[in-house]
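Colleague: Could you walk me through this model, starting with how the chains meet?

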Protein chains: 2
Amino acid sequence: MGADGPSSADTVAGMGEFGVIRRVTEGRVQPPSTLLGPGDDAAVVAAPDGRVVASTDVLVEGVHFRLDWSTPEQVGRKAVAVNVADVAAMGAVPTGLLVGLACPPDTPASVLDEVANGMWAEAARAGAGVVGGDMVTSDSLVISVTVLGDLEGRAPVTRSGARPGDVLAVAGRLGWAAAGLAVLGRGFRSPVAVVGAQRAPEPPYAAGPQAAAAGATSMIDVSDGLLADLGHVAEASGVGIDVRTELLEVHQRLVDVANALGADPLHWVLTGGEDHALAATFPSVESVPADWRVIGSVRQGEGVTVDGRPYEGPQGWEHWR
Amino acid sequence: MGADGPSSADTVAGMGEFGVIRRVTEGRVQPPSTLLGPGDDAAVVAAPDGRVVASTDVLVEGVHFRLDWSTPEQVGRKAVAVNVADVAAMGAVPTGLLVGLACPPDTPASVLDEVANGMWAEAARAGAGVVGGDMVTSDSLVISVTVLGDLEGRAPVTRSGARPGDVLAVAGRLGWAAAGLAVLGRGFRSPVAVVGAQRAPEPPYAAGPQAAAAGATSMIDVSDGLLADLGHVAEASGVGIDVRTELLEVHQRLVDVANALGADPLHWVLTGGEDHALAATFPSVESVPADWRVIGSVRQGEGVTVDGRPYEGPQGWEHWR
């Protein structure tokens, strides 16, 4: 750090664990589901359904985000969003979040402030509280988020319930984050719409409980790419799934970006992860809720096909590393 | 790695995320509270009380454990134990655990197997299931555990309920892990009793709900050291707390180790963390359950005293770094 760098009092090490926790929790507004928030040995969160849905995701700097590509606020938003999408994909509404943060001792307090601001903002968008967490020092920045959710009396929608004859539908965007990653990887910072999708996804949280209420037979959060994640549904359900490309929305903005980069926008839609759209199967076209778009069907057999044929090319996010 | 080192197929990178997850979850027995275990977007855990208690702790290699001092199995046990102690300290019984694991790609699969074995063993001891998690690569080994618990209809016992006139009691051991750390720090590996206490604590899980049922007015998990953690209770409750040294158990084994190292065993008991004993306050001596030992009292005022006087010396685990 140069002469303008933070003094030790402005770093994680200078403030100490309790100072940091106070700084990122004091004065925040909790939803009614937070019965006991941060500051004790554990939090207490309402679970009116008598069951609690829970999922953990870990984000590592340099692997899942880059602080030269994203602001700390966007990293905080993303860490919450990718987790909340997991409970939405069960058909649950998020209630509480716990955050485990491991960061270098010389991390500026301002960076943690921004990460916390992003987390609280996205948590508020989802209707959940940040109810607890832990702060430790490490060599690199690792953010672990656990999200809790409530099923509101519904059965959880798993990956294993798809049946031949079901229709396949998605809610949310596909391919935008992949397009953003391609743009960032070339050293560009725009167009903002696709770059922003990569930096902080906006999963369609409400669409999960909506699908569950409408009788969805299976559901998954599209985190690794549409074809890769549908592969998990096909395997768990013991079925085959066919995606119809004429039903996929390939937004003109993706087409423009792809043309500029010499890429295939349909490939982004089929294999790009990180938008955290939801994919679900429904017993009939009539049962698909308004916010969902039909994009294919479930058949007997196994595996995922595109327009009836195996898709040529890499399937899933590993391509994008 | 030499010629005897693991081949790439025997590492985290070789197996891939899904291979690792399958390896550490398949064939494990879940308790009845696990309604939906690993393998979907999220887990579903019973919350019969209509509330869920939740806490997260993060352990970092080189900070919270050392693989040259502890086996991976002990690290797994410790990661679970320190978390379960937090829900016990609220008066809750643990139900489910979620594990976020960030580790270098060349981590041998056998290390993860052992960590997982330790986690499952300690989870079974606590009566909880390992219901979900996430596995990612990073530069260093970081283990994040979230524990869920059920209050069984009781009010949570917080840090803020201690009242002047209450008696102070503890359940579990004090000073053993600190003695073990002192031994390890000198390069010794025995006596096993104290070294083992450092490597994998055995918190008195059942004593938490027991205290809650007996009317404990406040409770805390002793993770930073008795005096430091009682300081949190004193501050949250707006009271003073006095510890009586003649009531503290200083085991002969601690005395022997202290004599050998030229250390003060009482200092370990008062300031050593990591045994994860529970400390609680009760309205009367008569209300203290059998597994608990009275060690002091709550008074008007503020701060923590020992035999009526401020304790001279470092308070808490930072001394032990």
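**The interface and two residues**

Modeller: The area buried between chain A and chain B is about 3,800 Å², and carbon and sulfur atoms give 60% of it; buried area here is the accessible area (1.4 Å probe) that two parts lose on being put together, summed over both. This is a predicted model, in which local features need pLDDT of at least 70 and side-chain atom pairs count only at pLDDT 80 or more, while totals for chains, interfaces and linings use all residues. Residues are numbered from 1 along each chain as its sequence is written, chains are lettered from A and ligands numbered from 1 in the order in which they are written, and side-chain values use heavy atoms, with hydrogens and water left out.

Colleague: How many residues does the contact take from each chain?

Modeller: The contact takes 51 residues from chain A and 51 residues from chain B, where contact means heavy atoms within 4.5 Å.

Colleague: And how many salt bridges are there across the interface?

Modeller: The rule finds four salt bridges between chain A and chain B, a salt bridge being a side-chain nitrogen of Lys or Arg within 4 Å of a carboxyl oxygen of Asp or Glu. One of them joins the side chains of Asp40(A) and Arg159(B), at 3.6 Å from N to O.

Colleague: Which element gives the largest share of the side of chain A that touches chain B?

Modeller: Among the elements that give two or more residues to that side are strand S1 (34-36), strand S2 (43-46) and strand S3 (51-60) of chain A, and the largest share, nine residues, comes from S3(A). Strands are DSSP runs (E, at least two residues), just as helices are (H or I, at least four), numbered from the N terminus.

Colleague: What does S2(A) pair with over in chain B?

Modeller: S2(A) is joined by four bridges to strand S3 (residues 51-60) of chain B, and the two run antiparallel; strands pair if DSSP finds at least two bridges between them. Val44(A) has Val53(B) as its bridge partner, and Ala43(A) has Ala54(B).

Colleague: Are the S2(A) side chains buried or exposed?

Modeller: Ala43(A) and Val45(A) point one way from the strand and Val44(A) and Ala46(A) the other way, and all are buried, meaning under 20% relative accessible area, with exposed over 50% and partly exposed in between (1.4 Å probe, protein chains only).

Colleague: What sits between S1(A) and S2(A)?

Modeller: S1(A) and S2(A) form a hairpin with six residues between them, and Gly39(A) in the turn has a positive phi of about 120°. Two bridges join these antiparallel strands, with Thr34(A) partnered by Val45(A).

Colleague: Changing topic, where is Asp150(A), and what does its side chain reach?

Modeller: Asp150(A) is in strand S6 of chain A, and it counts as buried because its relative accessibility is 6%. Its side chain reaches the backbone nitrogen of Asp49(A) at 3.1 Å, and, leaving aside residues up to four places away in sequence, Asp150(A) touches several others, including Pro48(A), Arg51(A) and Thr95(A).

Colleague: And why does Glu286(B) count as exposed?

Modeller: Glu286(B) counts as exposed because its relative accessibility is 69%. Glu286(B) lies in the loop between strand S10 (277-282) and strand S11 (293-299) of chain B.

Terms used
A polar contact is a pair of N or O atoms within 3.5 Å; within protein, one must be able to donate a hydrogen and the other to accept it, and residues adjacent in sequence count only if both atoms are side-chain atoms.
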